[in-house]
Amino acid sequence: MLEKVLVAGGGVLGSQIALQNAVHSKTVTIYDISAEALAGAKKHIAAFKEQLIKDTGKDANEVQQQVDAIKYEVDLAAAVKGVDLVIEAVPESFEIKKDIWTKLSDAADAQTIFVTNTSTMLPSKIAAVVDRPAKFIAMHFANLVWAHNTAEIMAHAGTDPELPAQIHDFAKSIGLVPIMIKKEHASYLLNNMFNPFLTDGLSLWYNGIADYQTIDKVWMIDLESQAGPFGLIDIVGLRTMINVLKATGDRKSVV
């Protein structure tokens with residue numbers, strides 16, 4: 001079983017991934033590049049903890065104990081020592097991902113499995129820069145992991161044939177619904193459907209068709225959704241949205 005987990009990147013989604021692992025009794029470490037970044041991760045964890053308790057009804061004291069057990073580390077070599085699984089959740093930039101995976105390849109134990117949470121890149125592109133492509137696979141999480149609990153699992157041609165099943169079982173062990181993608185496809189399933197919704201909303205606002213409140217209102221009323229495109233951008237963050245647009249080339253007239 002994969003019990004010791006390192007989450008590389010403590011941003012909005014990385015902190016949620018760490019929290020989801022922690023409340024399912026995994027031993028969790030968050031790595032980030034500075035004390036300031038880790039302080040931000042702790043703030044994210046504190047806020048998402050309250051949302052998770054509200055949404056799931058989990059015991060607040062038990063969740064607090066699990067959160068308190070999360071470790072935080074700025075030394076990557078120390079962070080990755082002895083872990084079973086690395087889940088990378090750094091910004092959606094190939095250069096940033098290449099940098100951290102090169103360093104992780106040098107520092108990680110030989111048996112450690114590598115997982116990327118990339119939302120747009122093919123796993124084969126990143127696997128080309130790691131030292132263990134057979135032990136490399138993508139698993140994409142959705143925002144509000146405990147509620148939107150799919151895990152899109154995508155192998156590449158060089159992935160060990162047994163690894164997808166192992167990651168499938170790991171995803172189930174942390175309360176996720178494994179979604180097995182048959183072949184590599186950029187932006188996976190969710191984001192292929194989700195990104196046009198966001199970019200079309202941005203385009204309507206940018207071109208002066210309606211203000212952002214009205215765009216969100218129409219979507220929320222007519223599709224009975226709790227949030228419209230701009231509300232969702234608030235959740236994922238503008239920086240993430242910009243990185244996704246750059247990575248996919250889906251700019252239309254909005255940037």
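## A right-handed unit to start with

S7, helix H7 (residues 163-173) and S8 make a right-handed β-α-β unit. Right-handed here has a viewer's meaning: with the strands pointing away from the viewer, the path from the first strand over the helix to the second runs clockwise. The names follow DSSP runs, numbered from the N terminus, with helices (H or I) of at least four residues and strands (E) of at least two.

Buried stands for under 20% relative accessible area, exposed for over 50%, and partly exposed for what lies in between, using a 1.4 Å probe and protein chains only.

## What kind of model this is

This is a predicted model, in which local features need pLDDT of at least 70, side-chain atom pairs count only at pLDDT 80 or more, and totals for chains, interfaces and linings use all residues. Residues are numbered from 1 along each chain as its sequence is written, and side-chain values use heavy atoms, with hydrogens and water left out.

The predictor's confidence in each residue is called pLDDT and goes from 0 to 100. Its mean over the chain is 93, and 96% of the residues reach 70 or more. Residues 250-255 are a stretch to read with this in mind: pLDDT stays under 50 there, and the model has 15 contacts for them beyond four places in sequence. A contact means heavy atoms within 4.5 Å.

## The sheet

Let us look at the sheet as a whole. Strands of a sheet pair through backbone hydrogen bonds, either parallel or antiparallel. In this model, 8 strands form an open sheet with mixed pairing, in the order S3-S2-S1-S4-S5-S6-S7-S8. S3 and S8 are the edge strands, each pairing on one side only. Neighbouring strands are turned by 25° against each other on average, direction ignored. For such angles, axes are lines fitted to C-alpha atoms, for helices over the stretch in contact, and the values run from 0 to 180 degrees between N-to-C directions. Two strands count as paired if DSSP finds at least two bridges between them.

S7 shows both senses of pairing. With strand S6 (residues 136-141) it is antiparallel over 4 bridges, whereas 4 bridges join S7 to strand S8 (residues 177-180) in the parallel sense. Glu152 of S7 is the bridge partner of His140, and Glu152 also stands opposite Ile179 in S8. Met139, for its part, stands opposite Ile153 in S7. H7 packs on the sheet and touches S1, strand S4 (85-88), strand S5 (113-116), S6, S7 and S8, with its direction at about 30° to that of S6.

Strand S1 (residues 4-8) and S2 run parallel and are joined by 5 bridges. Val7 has Ile30 in S2 as its bridge partner. Between these strands the chain passes through H1, and this β-α-β crossover is right-handed. S2 (residues 27-31) is mostly covered, with 4 of its 5 residues buried. S2 is also parallel to strand S3 (residues 71-73), over 3 bridges, and Thr29 is paired with Lys71 in S3.

Why is helix H1 (residues 12-22) described as largely enclosed by the rest of the structure? The reason is that 10 of its 11 residues are buried; among them are Leu13, Ile17 and Leu19.

## Two loop residues with positive phi

Ser25 sits in the loop between H1 and S2. Its phi is near 70°, a positive value in a residue other than glycine. At 55% relative accessibility, Ser25 counts as exposed.

Glu224 lies in the loop between helix H9 (212-222) and helix H10 (229-236). Though not a glycine, Glu224 has a positive phi of about 50°. Glu224 is exposed, with a relative accessible area of 73%.

The whole structure holds 7 aromatic pairs. Rings of Phe, Tyr and Trp (its six-membered ring) pair if their centres lie within 6.5 Å; planes under 30 degrees apart are stacked, over 60 edge-to-face, and the rest tilted. Trp101 and Phe114 form a tilted pair, 4.7 Å centre to centre with 45° between the planes. Trp101 is in helix H5 (residues 94-107) and Phe114 in strand S5, 13 residues apart.

Trp101 and Phe136 have ring centres 5.3 Å apart and planes at 80°, so this pair is edge-to-face. Because Trp101 lies in helix H5 and Phe136 in strand S6, the pair ties together parts 35 residues apart in sequence.
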